[in-house]
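Keep the structure open while you read.

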Amino acid sequence: MKDEDIDRPQAMKIRQGIQDAMTYSLPDKKFSPKNIDLVEIDIELDNLGWNFHNYRILNLTDIHLGQWINPEYLDDLIDYVNTLNYDIVTLTGDYVSYVIDGYDAALSKSLKKLKSPDGKFGVLGNHDHWMGSEKIREIFKEANIVDLSNDVYVLKKNDDELNLAGVDSCTVCADNLDKVLAKLKNGISTILLAHEPDFAQESSQTGRIDLQISGHSHGGQFIIPKFETTPFRGPNSTKYPVGLYKVKDMIQYTSKGLGTNSFRIRINCKPEITIITLKNKNKRKIEIE
């Protein structure tokens with residue numbers, strides 16, 4: 001689907017006009033690790049090869065560069081990420097909000113600086129399409145990020161393999177799950193990157209995906225204490241707005257993301273960097289001689 005065929009939100013030009021003013025009027029524009037929620041979770045997968053046991057996936061999502069997050073903040077955030085312990089980086093969309101001109105070079109610079117031992121892989125979000133998907137895909141190429149939009153990449157470690165797949169944004173009807181399913185290698189675990197968490201309703205029906213990683217919701221930007229959920233749920237994030245879910249036999253994880261949209265306020269809902277450690281759920285046999 002071409003960008004010009006995608007309906008954009010109303011008042012786009014107005015939002016573009018005020019975005020820079022909002023971002024640079026903030027009193028606290030600098031990144032600090034104490035303001036980030038580094039979420040580490042273990043997830044057991046069926047058919048996970050032992051060479052991928054304890055494999056660490058670092059996920060970043062919803063940067064929304066230019067709206068509250070400025071280039072200096074992102075650059076410092078990437079420096080912090082590069083100090084963490086992980087094997088691979090996944091990115092699940094919305095790198096910009098309502099402006100890309102003037103921010104594309106900064107986004108490319110920061111994402112190119114992002115380190116990852118086993119590669120960087122990403123999909124696009126709805127805002128990326130509204131602002132121009134071709135520009136984001138070009139930034140992916142410049143930053144050596146594999147574009148997994150409706151595609152599959154098979155990770156290999158010694159004799160074991162792992163499907164890493166992605167779908168394009170379903171908000172703009174750019175997703176093509178059938179194309180992904182046709183490319184999946186059978187008999188190994190599959191991880192799906194999907195910007196919108198409620199895509200889990202569709203992906204879980206296939207019985208071929210073990211884990212879906214998403215963003216989009218920003219955790220509702222308000223999480224109810226003790227209940228660890230949010231009353232504020234937008235389109236395509238009404239069912240699985242924040243955290244860990246079991247959807248049929250598939251695990252769904254929704255990150256709170258890094259940036260915000262419209263309102264900067266986050267209550268009990270810090271920006272999030274996620275590290276998912278994969279686990280083989282079977283007990284390993286140890287040969288005793």
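Let's start with a serine. Ser 97 is buried, because its relative accessibility is 0%. Ser 97 sits in the loop that runs between strand S3 (88-92) and helix H3 (104-113). The side chain of Ser 97 makes a polar contact of 2.5 Å with the side chain of His 64.

A word on confidence before going further. This is a predicted model, with a mean pLDDT of 89 for the protein and 87% of the residues at 70 or more. The stretch to be careful with is residues 1-5, where the pLDDT is below 50. Beyond near neighbours in sequence, that stretch has eight contacts in the model. Where pLDDT is low, the predicted coordinates should not be read in detail.

Now have a look at helix H2 (residues 71-81). Eight of its 11 residues are buried, so H2 is largely enclosed by the rest of the structure. Among those buried residues are Pro 71, Tyr 73, Leu 74, Leu 77 and Tyr 80, and Asp 75 is one of them too. At the start of H2, Asn 70 brings a side-chain oxygen to within 3.1 Å of the backbone nitrogen of Glu 72. There is charge around here as well: a network of salt bridges links Asp 75, Asp 79, Lys 109 and Lys 113.

The structure holds six aromatic pairs. In one of them, the ring centres of Phe 31 and Tyr 80 are 5.7 Å apart and the planes are at 45°, so this pair is tilted. It connects distant parts of the chain: Phe 31 belongs to the loop between helix H1 (12-24) and strand S1 (37-45), Tyr 80 belongs to helix H2, and 49 residues separate them. Phe 31 is buried at 12% relative accessible area, and Tyr 80 is buried at 18%. The rings of Phe 52 and Tyr 55 have centres 5.0 Å apart and planes at 80°, so that pair is edge-to-face. Phe 52 is buried with a relative accessible area of 0%, and Tyr 55 is buried with 3%.

**Strand S9, covered on both faces**

In a regular strand the side chains alternate between the two faces of the sheet. Which residues of strand S9 (residues 211-214) are buried on each side? Leu 211 and Ile 213 are buried on one side, and Gln 212 and Ser 214 are buried on the other, so both faces are covered. S9 also has strands to pair with. Strand S8 (residues 190-194) runs parallel to S9 and is joined to it by three bridges, with Ile 191 opposite Leu 211. Strand S11 (residues 250-254) pairs with S9 in the parallel sense too, over four bridges, and there Gln 212 stands opposite Gln 252.

**Salt bridges across the chain**

Side chains of opposite charge can pair when their charged atoms come close. A search of the whole structure finds 13 salt bridges, and the table shows some of them.

| Salt bridge | N to O distance |
|---|---|
| Arg 56 and Glu 40 | 3.1 Å |
| Lys 183 and Asp 151 | 2.9 Å |
| Lys 256 and Glu 272 | 2.9 Å |

Arg 56 in strand S2 and Glu 40 in strand S1 are 16 residues apart, so to speak a link between distant parts of the chain. Arg 56 counts as buried at 15% relative accessibility, whereas Glu 40 is partly exposed at 46%. Lys 183 is in helix H5 (residues 177-183) and Asp 151 is in strand S6, so their pair ties together parts 32 residues apart in sequence. Lys 183 is partly exposed, with 39%, and Asp 151 is partly exposed, with 25%. Lys 256 and Glu 272 are both buried.

**Two asparagines with a positive phi**

Most residues other than glycine have a negative phi. Asn 47 has a positive phi of about 65°, and Asn 150 has a positive phi of about 55°. Asn 47 is in the loop between S1 and strand S2 (56-60), and at 51% relative accessibility it counts as exposed. Asn 150 lies in the loop between strand S5 (145-147) and strand S6 (151-157), and is buried at 9%.

Notes. Residues are numbered from 1 along each chain as its sequence is written. Side-chain values use heavy atoms; hydrogens and water are left out. Helices (H or I, at least four residues) and strands (E, at least two) are DSSP runs, numbered from the N terminus. Buried means under 20% relative accessible area, exposed over 50%, partly exposed in between (1.4 Å probe, protein chains only). A polar contact is a pair of N or O atoms within 3.5 Å; within protein, one must be able to donate a hydrogen and the other to accept it, and residues adjacent in sequence count only if both atoms are side-chain atoms. pLDDT is the predictor's confidence in each residue, from 0 to 100. Contact means heavy atoms within 4.5 Å. Rings of Phe, Tyr and Trp (its six-membered ring) pair if their centres lie within 6.5 Å; planes under 30 degrees apart count as stacked, over 60 as edge-to-face and the rest as tilted. Two strands pair if DSSP finds at least two bridges between them. A salt bridge is a side-chain nitrogen of Lys or Arg within 4 Å of a carboxyl oxygen of Asp or Glu.
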